[in-house]
Amino acid sequence: MITVYAVLTLGGLAVLFAVLLFVVSKRFHVTEDPRKVEVEAMLPGINCGACGFPGCPGMAAALVKGADDGDISHLVCPPGGASTMEAIGSYFGLTVGQATPMVAVLRCNGSCDNAPAKSTYDGPTSCAVAHSLYAGESGCPFGCLGDGDCEVACEFDALHMNPVTGLPEVDEEKCTACNKCVIACPRNLFELRPIGKKSRRVFVACRSTEKGVVSKSHCQVSCIACTKCAQVCPVDAIPIVNNLAYIDPVKCIACGKCVPVCPTGAILATFPVKPLAPKVSADAATE
Amino acid sequence: MSTGMIVSLSPHVRTKASISMVMGMVIVAMIPAILAGLWAFGLSGALVMAVTTGVCVLTEWFITVYMLKQPSRINDGSAIVTGLLLGMNIPASTPIWQVIAGSIFAIGLGKMAFGGLGHNPFNPALVGRAFMLTSFPADMTTWPAPGAARWSILQTGGVDAVAGPTALGMVAEAQGLPDGLSGVAGMPTHWELFLGSIPGSIGEVSALAILAGGLFLLVRKIISWESPVFFLGGLALFTGVFWIVDPVRYADPLYHILAGGAMLGAWFMVTDMVSSPMTPRGRMIFAGTAGLLTGAIRLFGAFPEGTSYAILIMNAFVPIIDRYVRPKKFGQKKKEASRG
Amino acid sequence: MTLKTFKIGGIHPPENKITEDRAVQSCPLPKQAVVLLAQHIGAPAEIQVKVGDEVKVGTLVGKAPGLISANIHSPVSGKVKKIDTRTDASGYPKTAILIDVVGDDWDPEVGEAGQYEWNKRPLKTDIQATGDEIRAALAAAGVVGMGGAAFPTNVKYMVPPGKTAEYLIINGVECEPYLTADHRLMVELPDEVLVGTEILRRALGVEKAIIGIEANKPDALRIMAERVKSYPNIQVQGLVVKYPQGAEKQLVKALTGREVPSGMLPLDVGCVVNNVGTAQAAYLAVQYKRPFVDRILTVTGTSVKNPGNYLVRLGTPISQVIELAGGLPEDAGKIILGGPMMGKAVSTTDTPVGKGTSGILILNKAQAKRPAVEPCIRCSKCVTVCPMGLEPYLLSEMAKQNRFEEAEARGLMDCVECGSCSFTCPSHRDLVDWLRYGKARVLANRRKGK
């Protein structure tokens with residue numbers, strides 16, 4: 001008999017709780033636009049904020065609102081890329097914005113070899129702390145400190161410190177241009193630049209505004225503002241301001257002509273570049 | 001890759017103290033109590049202490065090096081301290097396999113599971129003891145009488161042959177009798193409790209030896225005075241109230257302080273740095289409440305001894321104590337009126 | 001006399017005052033002076049000279065562009081060689097005027113200061129200047145606080161309406177281990193310090209001035225206590241040896257019993273604090289119209305061959321001062337500007353001596369390496385020693401986890417970065433590194449208007 005009572009009591013309680021839960025879930029249900037839920041499912045779900053909205057739910061809400069207004073061409077999800085935007089576009093039956101795929105680029109090549117250490121930093125492994133302490137082991141006040149704040153900030157496993165060079169390396173495949181490394185670097189060395197046709201990019205790997213003589217004393221591959229690159233650029237994409245050359249990513253056609261003329265090797269390209277033709281000396285020509 | 005000058009943030013000088021130095025001082029402070037325990041319980045006591053210490057150190061080393069794949073930390077001495085404290089908290093007659101189980105549990109679950117040194121919210125030695133008490137209640141409440149037990153490990157029958165009730169056991173029994181304390185035969189005197197010739201855990205028998213070690217730690221500024229004073233004060237307050245109301249059935253507060261694990265708890269367990277609060281006022285609240293709880297468990301709980309559980313319960317409150325209790329801050333008073 | 005002290009926290013680092021008996025010696029003039037334009041709190045001075053200009057000692061080479069700034073005067077005579085950059089105590093290159101030194105001619109506008117050796121100046125006790133004139137003279141001479149912070153002194157004596165000053169406090173504490181510059185100043189030029197104190201007292205308009213001196217300088221205490229008898233409005237008070245007694249809030253507390261509330265200044269409890277060196281600089285500025293062009297500093301360290309106290313012209317590269325002290329030791333590991341508790345480590349000896357350089361400490365390689373960081377054992381020693389009553393273990397951890405608002409609410413901005421917590425920690429944790437980082441981020445967030 002006791003068993004029967006026990007079974008009835010517990011069974012009855014179970015049914016009671018089930019009914020209670022059902023009633024509560026119905027009574028306090030939050031109605032959401034079903035489209036928002038569906039659009040959110042199409043987004044990457046990483047909440048990086050690169051779209052400018054608070055996470056993927058925010059972007060989904062903005063897309064639904066934009067669709068109601070008839071225009072979503074101004075909304076772009078960079079990590080999602082073309083495939084995500086096409087899916088969203090066909091869902092609403094509207095044209096989507098064209099995002100230029102971007103990638104994070106480190107504008108410094110002050111590796112342990114190029115910018116040898118002249119002192120030893122002793123403290124927590126944090127670029128922010130080292131930056132507030134002094135210019136750094138190489139002496140260049142603009143150069144990479146090598147403690148990996150950027151690696152910690154990247155949530156896509158796209159940044160890794162190279163133990164030999166002491167510099168971070170960006171994995172182009174994994175980088176979503178979410179901007180977190182740009183914010184994390186206390187020296188503002190990262191820049192989001194367009195990936196370029198067939199991943200061809202050219203950039204000046206230096207941010208030092210020190211006079212050429214001074215910056216060269218810290219780092220072999222610093223920009224000395226000799227202006228040779230600006231002179232050879234066919235599309236006038238290289239302004240030189242404050243002892244520093246900068247390649248405008250919009251104008252640059254990635255021809256690679258500036259790379260070999262740079263005397264210090266401060267300009268880097270992501271593709272092999274034709275070296276300069278060897279100069280023929282006047283004596284040789286008369287032979 | 002060290003070249004040139006070292007550049008770091010100030011301060012550029014540091015104290016010579018280190019974790020191993022702190023642990024070393026605690027071990028030195030425990031020596032009188034350990035010696036008193038070994039004198040009372042002889043080889044069986046020595047064996048139990050050796051097993052707790054050895055197994056605790058081995059467990060920490062194994063978990064750190066093989067499971068977590070990190071460099072070994074046993075050099076800092078904290079595992080040795082836990083082992084010694086655990087040994088001091090259990091009877092000398094505890095079967096060795098139980099001692100091993102307790103030690104592994106104390107370090108494994110009481111310390112390493114939380115992240116190792118500095119991360120455990122509960123006192124690891126007490127965690128081990130609580131585990132053993134719950135799992136092996138009979139063996140953990142059999143107390144060999146000192147002296148007689150000294151060489152008993154070599155005799156037939158071993159140390160079990162000379163078991164006896166502890167002072168607190170007698171106090172608990174007295175509460176239920178109409179005659180109260182006078183109805184219990186053979187209760188130790190205050191002096192016997194102070195000097196240490198009564199049954200109990202290995203380390204708790206001599207209040208004098210514990211006090212010597214505790215005062216050493218106080219003078220060397222390893223522990224601060226709030227914890228032991230407020231713990232004993234809380235205990236004395238709770239038991240004192242009942243003793244004043246009914247001195248026939250309840251033992252006096254001094255008896256309670258000297259009996260059982262109260263002295264050991266006050267000077268070595270409640271002062272464990274990792275599991276106690278970070279501010280003086282916080283320690284007063286923590287230790288005082290633990291003392292009151294100890295009294296409550298002793299007088300009204302199912303166990304004659306309440307120190308371990310009281311401290312463990314209060315360990316759980318340490319994070320919230322630290323959150324709300326702040327140290328005395330400079331410039332907190334209303335600013336002096338500067339006329340005009 | 002009974003010694004006073006502050007109540008909360010404090011530590012006793014080894015004093016190492018190995019240079020306390022070494023009399024001050026003059027450092028020879030450098031071949032080239034490196035005059036930084038930012039040697040003070042506030043905006044850098046604006047350059048007044050160009051390459052090729054001839055300057056004399058005391059010529060104005062940098063002009064204060066606003067109130068919170070200071071004039072910079074040439075510390076040498078010669079020709080401006082170049083306007084360049086040099087790394088200063090901040091660790092970053094800053095604008096500096098390089099002057100090739102020729103002779104030692106003083107600008108006639110700065111009075112008779114150049115005629116006398118520093119220890120043979122006649123004492124001018126008669127103070128004619130009014131409060132306003134004193135403030136003007138301090139500003140003209142570019143006098144800034146010499147205790148290390150280098151705040152423009154004349155600004156400290158402009159009491160805003162609504163606030164009242166009751167005490168002038170002169171800091172003769174020098175609580176940092178190793179440093180003895182203030183000690184020697186009080187022993188060798190006590191009267192200049194006392195007249196300077198009188199001048200500052202007049203500028204502030206208060207009845208009482210107190211000079212606080214730590215008890216580990218018994219000769220300075222004795223001499224000052226003796227000489228002060230001629231100055232009825234100045235009092236000398238001995239202090240218990242405890243770091244950081246020289247921190248201004250702790251000094252105010254010890255001498256007057258008043259606690260400066262969080263986020264406020266000593267003036268809010270009626271006090272103004274200045275270093276003994278600043279008092280002497282005020283004397284020179286007002287009585288001799290002498291601009292701030294040199295200072296006493298201690299070169300010290302157990303490996304240094306000839307440690308001592310030297311009177312150095314500003315702009316002298318520290319390499320030269322170190323040469324005077326026997327050269328950089330073979331086993332040198334760290335070069336610190338200031339003392340071991342709050343000084344700045346520098347990577348190069350090109351750095352020049354500035355207005356706030358109170359000492360050059362050289363630690364050998366064994367002393368320089370920090371011990372490895374171990375887990376926090378919650379011993380609460382950092383809480384016990386913090387003179388501001390904070391919880392360094394908690395605040396540094398919050399800063400590390402970027403929880404800046406919480407840390408600010410828990411008192412992070414009251415931290416004076418004295419280093420007592422890091423010094424005491426048995427786990428050698430880098431508490432001050434993270435506290436400083438947290439404070440910088442809180443300030444940056446405030447500027448952004450968060």
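User: Hi! How far apart are the C-alpha centres of domain 1 and domain 2 of chain B?
Analyst: Hello! In this predicted model, those two C-alpha centres lie 22 Å apart.

User: Thanks. Which residues belong to each domain of chain B?
Analyst: Domain 1 of chain B runs over 19-140, while domain 2 of chain B is made of 165-198 + 223-324.

User: And how many residues does each one bring to the contact?
Analyst: Domain 1 of chain B brings 21 residues, and domain 2 of chain B brings 13 residues.

User: What area do they bury between them?
Analyst: About 1500 Å², with 72% of that on carbon and sulfur atoms.

User: Which three residues of domain 1 supply more of its buried area than any other three?
Analyst: That would be B:Phe122, B:Asn123 and B:Leu126, which supply 32% of the area that domain 1 of chain B buries against domain 2 of chain B.

User: Switching topic: how many salt bridges are there between the two domains, and how many residue pairs in polar contact?
Analyst: The salt bridge count between domain 1 and domain 2 of chain B is 0. For polar contact, the count is 3 residue pairs, both residues being at pLDDT 80 or more.

User: Which elements give two or more residues to the domain 1 side?
Analyst: In chain B they are helix H1 (19-67), helix H2 (78-88) and helix H4 (124-135).

User: Which one gives the most?
Analyst: H4(B) does, with 8 residues on the side of domain 1 of chain B that touches domain 2 of chain B.

User: Last one: how do the residues on that side divide into nonpolar, polar and charged?
Analyst: On the side of domain 1 of chain B that touches domain 2 of chain B, 14 are nonpolar, 6 are polar and 1 is charged.

How values were computed:
Residues numbered from 1 in each chain as written. Chains lettered and ligands numbered in written order. Predicted model: local features only at pLDDT ≥ 70, side-chain atom pairs only at ≥ 80, totals over all residues. Heavy atoms only, no water. Domains from an automatic or database assignment. Contact = heavy atoms within 4.5 Å. Buried area = accessible area lost by both parts, 1.4 Å probe. Salt bridge = Lys/Arg side-chain N within 4 Å of Asp/Glu carboxyl O. Polar contact = N/O pair within 3.5 Å; in protein donor to acceptor, adjacent residues only side chain to side chain. Helix = DSSP H or I, 4+ residues; strand = E, 2+ residues; numbered from the N terminus. Nonpolar A, V, L, I, M, F, W, Y, C, P; charged D, E, K, R; others polar.
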